[in-house]
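Colleague: I have a few questions about this structure. Could you take me through them while we both look at it?

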Amino acid sequence: MTASLWVTRLIAGRIASAVFTLFLVSLAVFAVSLLMGGDAAEAILGQSATPEALAGLRASMHLDQPAPQRYLGWLIGLLHGDPGTSLVTGRPIGGMIAPRLANSLLLAGLTALVSVPVALTLGILAAVKRGGTFDRVVGIATIGIVSVPEFLIATVAVLIFAVTLHWLPALSSLRDVDSIYELLRVFALPVMSLACVTVAQMIRMTRAAVCDALTSSYVEAARLKGVPPRRLVLGHALPNAIGPIANAVALSLSALLGGVIVIEVIFNYPGVARLMVDAVATRDMPLVQTVAMIFSASYLVLVTTADIVAILANPRLRHQ
Amino acid sequence: MTALVRLSGLQIAACKDGGVTSIVRDIDLCVEAGEVLALIGESGSGKTTIALALLGYARPGCRITGGEIEVAGHRIDRMDEAALRTLRGRVVAYVAQSAAAAFNPMLTIMRQVIEPALVHGLMDRAAAETKARGLFRALALPDPDTVGDRYPHQVSGGQLQRLMAAMALITDPALVIFDEPTTALDVTTQIEVLKAFKTVVRDLGTTAVYVSHDLAVVAQIADRICVLRGGTVQEQGKADQILHAPAHAYSRALVGAAAPRVPAEPIAMPPPAPGEAPLLELRDIVAGYGGLDANGRPKACILDKVSLTIRRGRTLGVIGESGSGKSTLARVVAGLHSAAQGYVNLNGVPLASRIADRSREDLRRVQLVFQNADTALNPAMRVGQTVGRPLTFFHGLRGRTRAAEVARLFDLVRLPAAIADRLPGELSGGQKQRVNLARALAARPDLLLCDEVTSALDPVVAEAVLDLLVDLRRELGVAYMFITHDIERVRAIADDVMVLYGGCQMELADARALGSGPHHPYSRLLMASVPHLKAGWLETTMDPFAPVPGQAGATADGCRFFSRCALAMPGTCDLVRPASLVADDRLIACHRELAEL
Amino acid sequence: MRRPRIALAVGATLVGAALLSALVGPLLAPHSIGAVVDLDVFSPSSAAFPLGTDYLGRDVLSRVLTATRYTVFISFVATMIAASVGIFFGLAAASGSWLDMVLSRLFDIVIAIPSLMFGLVVITSLGASIPVLIGTLAVVYTPGAFRTARALALNVAALDFITVARSRGEGLSYIVLREILPNLIGPLAADFGLRFVFVALLLSGLSFLGLGVQPPYADLGALVRENIAGLGFGAPAVLFPALALASLTVGLNLTIDTLTGGRKATR
């Protein structure tokens, strides 16, 4: 009873801490957008607008209010699911982002679906066969992939599979997707390019975590009980590696948040990251702020989830 | 002849940096069925490596390179990994030194205890659990029916060690290997575990190999003893013969180091001038962690009203088990931990509780020497620099004069001066502890706080360091607070002895008075728990003072030792803090009359 | 035992080549970087142009040699700033509790904003000059350096020899500089190398999005971007900058991995 209360408090603490960080991030994001400056009203109406028209627009956009007040208004709107209107298109941001967000989530989700099982399998296998040829090959390959920027992987992939072999489309337009086969064809290249870096990172961290567990005294003791290798890894080492592995997955998937920007640009994919790149180019601040908050929130959700998994997996915390 | 275990010409090598070094050479030994053979030696003697070879196992980086290993008719040296797996845990079982590390923290105890029986397909889960509970009972574990449902962190170290033995015995193996199973335990716990082991081994007729560095422990359980050094057998024979008539010079040295130390000659100090304040005086020190409550006591109280005095040039031994607060006592004196109540006087003048508020002169007078020289020396700093720093810091010495003084200090602790250019990693354990001492002496202190300075060392090396401490005291007139868990060492080196339990002072006595006259029940338990170098001692010890099982804990105001005390009086001891009984050479905190103790 | 040594040799050679071309490369460049020297564009390797020409007909060899200097120089300065600031605050945080809380929280915010997005926003608002680029990269990678230094220092600070120094009355600066820091040199150097790789990768990512070094100058990422049209027919103008970038980062990672892996094994 007290144990579960203790765990609940621990988890509540982690969540509160993440929410607090997100609040600080919102301050930072707002501050950066002030710094990005430019008068939005002027941006919309152009240089030739009359002062009256400018003042009217500023008032309607609350740009005449002091910064703290504007921040509060923005934050409250965000909490209500209303992040404001785009300066460039004049449309509500919520409506602009929603379909794009779904597309990005589809891309990220498919990448996670592909990379997590592959990475965990390879990472665990490399740890089990540490020092062997398989481990070395995986080690060198992951170092190689981690060291190469995403845009290079993506462009080389396009060169090989789209330009030279004509197997796959070079651009990922979602318009003419009407079958699973088409879906796979469209997503194959972006997912593959994104997954490369994610998988490589995850393999390295998983391997390190499982290696730690495998070289521990309790695994040696289990080996000396005659426990067969498969059970040694799955039954003894893995339960101890759950926390670090969850952390590895979260960190690698959060690296995907950065990678998705480059990939969406290269494949001209209609996702939220490309929307962001365009918004930055047109200095559409409310839009930039909103996407920035979505990205930071996703990062915090990932990391906090990993923390909670680690807490729940640890009997020392569960049974205080 | 029915040798169950036979090793002949065993060779084991370690591969390091591309080179191969032989770490175990030409081992020939046998163990007959029902016999307990002890492998004894210092760290690096190869005793654990040989024991693991009986399982066909070599630690990573090591390899069995030759010789025959036969256990219960199986030729282990000829088996591949798959065949070995069917043997390990079934024919040969292993009890590791640190059960706390050898139990998987993520799995329940029962799951791990019955695992050998399940993976070898010897019985079904229900039968295995029943058998495990029987073993728990045989090993005198509390709550034998439910202890298996717990996780390892919920059980004490002594209990884990016994649970590990249950895990080894669940398959009725032909041979059990005990690898230093009681080394990490407190003395009083060690006896309980040892008794449990001995009972099971005798009742089940188990054949065992018992690895240890402690001859007195081995004397209790072994039929035969094999003395190892540097990976070779020095001598093997019947336990009685090795203990009482060792033939080999090294065995004699080991037996000598294990024998009770002759107390050092009392050192003649000029009698204190009338009215001279003691060097160190502590009064009613209360210290701990967490915030203070309404009475000014910390939430987690580590030291509770401890008082002591050390006169110039004298040695106070502080003795207690892990958790007794003895290290916190040293930290309070050193200024590393602020006391919540009470005061510390140095030469009759109150000492500031924090380092930052102390004068450099006060800091110089008290120096700290830590247990583990591996972490007490900066691995990135040459030892000459390490020893020289206090000379510069306290005495402003530099250049030539400093180097000369460093050389003198090395000479004082019996180290060659050339060692000054080395890094700690290039020194042996004993050398490191001497450097550690030299650094403290460089300050020219009046008081050395020695926290378990010999417990990480091998017995022979530890003896030499103790000799050095005695010599230094004679030469320099420095006083010691000598903190240890080993009552025999304290008796040999100290003038006065303080016994701590659960942060409370149980007894303060003249060292020479230990062992005669009335004593606190806990002091008695401690003295009775030190194994004697005599077979059969285990069976006779402690019978008059067997702790009462199932005695509940005391209230915060009661005697801390209540739950383990054989003389406890429920209704008094668990409710009221005992006052000190005063005899001429001792102070005992107990509710009983002196005559009853 | 032999393979790590090969990996080390390969890695060190790659890094050495990159550093050498960063140091002396521009002196060896046969042509001025901005000069259009070929009438043809995307021409293949020839005696006159060993690495061919780019999308405007400029000499790729000269441009790669100069771009390497930009990539290495910008990444190095940014990493240097990130590591210095990170180590300074990391050591400070390791010695004080409230300072630790404040600093950790502050750096948590930076970590929570995806680095490429952070760069995108800051550089668009402040303009893509080299100082802004260096500043942005340094800010993005300071929290990592801070965390590493803090964790390492906390590990060492818990050891007994630090307690001995404290009980002697040594000041904070002596303890940090003379007792703690010498024990961190190896791990911190390895961390510096890894961070350099991250910085170089982010820099080329920014350049690829057009926010890095601006024309007519270019870093390796920018060279890949401007010649991307040559990808379809495998023009050396796009392959060699990519290769140069990859050999720098792969080489450095390989070197650090074998060095630290080797140390772990012998310990």
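Colleague: In β19(B), which residue is the bridge partner of B:Gly317?
Modeller: In this predicted model, B:Gly317 has B:Val497 of β19(B) as its bridge partner. The strands β13(B) and β19(B), the latter covering residues 496-501, pair in the parallel sense over 4 bridges.

Colleague: And how many bridges does β13(B) make with β18?
Modeller: β13(B) pairs with β18 (residues 479-484) of chain B over 5 bridges, in the parallel sense. Within β18(B), B:Met481 stands opposite B:Leu316.

Colleague: Are the faces of β13(B) covered or uncovered?
Modeller: Both faces are covered. B:Thr315, B:Gly317 and B:Ile319 are buried on one side, and B:Leu316 and B:Val318 are buried on the other. That accounts for 5 of the 5 residues in the strand, residues 315-319.

Colleague: Changing topic: how many residues take part in the contact between chain C and chain A?
Modeller: Chain C contributes 35 residues and chain A contributes 41 residues. About 3,300 Å² is buried between the two chains, with 79% of that area coming from carbon and sulfur atoms. C:Arg105, C:Ala112 and C:Met117 provide 16% of the area that chain C buries against chain A, more than any other three residues.

Colleague: What about salt bridges there; how many are counted?
Modeller: The count is 1 salt bridge between chain C and chain A. A:Arg204 forms a salt bridge with C:Asp257, and their closest N and O atoms are 3.1 Å apart.

Colleague: Which element gives the most to the side of chain C that touches chain A?
Modeller: That is α10(C), with 8 residues. The residues on that side of chain C divide into 23 nonpolar, 8 polar and 4 charged.

Conventions: Residues numbered from 1 in each chain as written. Chains lettered and ligands numbered in written order. Predicted model: local features only at pLDDT ≥ 70, side-chain atom pairs only at ≥ 80, totals over all residues. Heavy atoms only, no water. Contact = heavy atoms within 4.5 Å. Buried area = accessible area lost by both parts, 1.4 Å probe. Salt bridge = Lys/Arg side-chain N within 4 Å of Asp/Glu carboxyl O. Helix = DSSP H or I, 4+ residues; strand = E, 2+ residues; numbered from the N terminus. Nonpolar A, V, L, I, M, F, W, Y, C, P; charged D, E, K, R; others polar. Buried < 20%, exposed > 50% of the residue type's maximum accessible area, 1.4 Å probe, protein only. Pairing = 2+ DSSP bridges.
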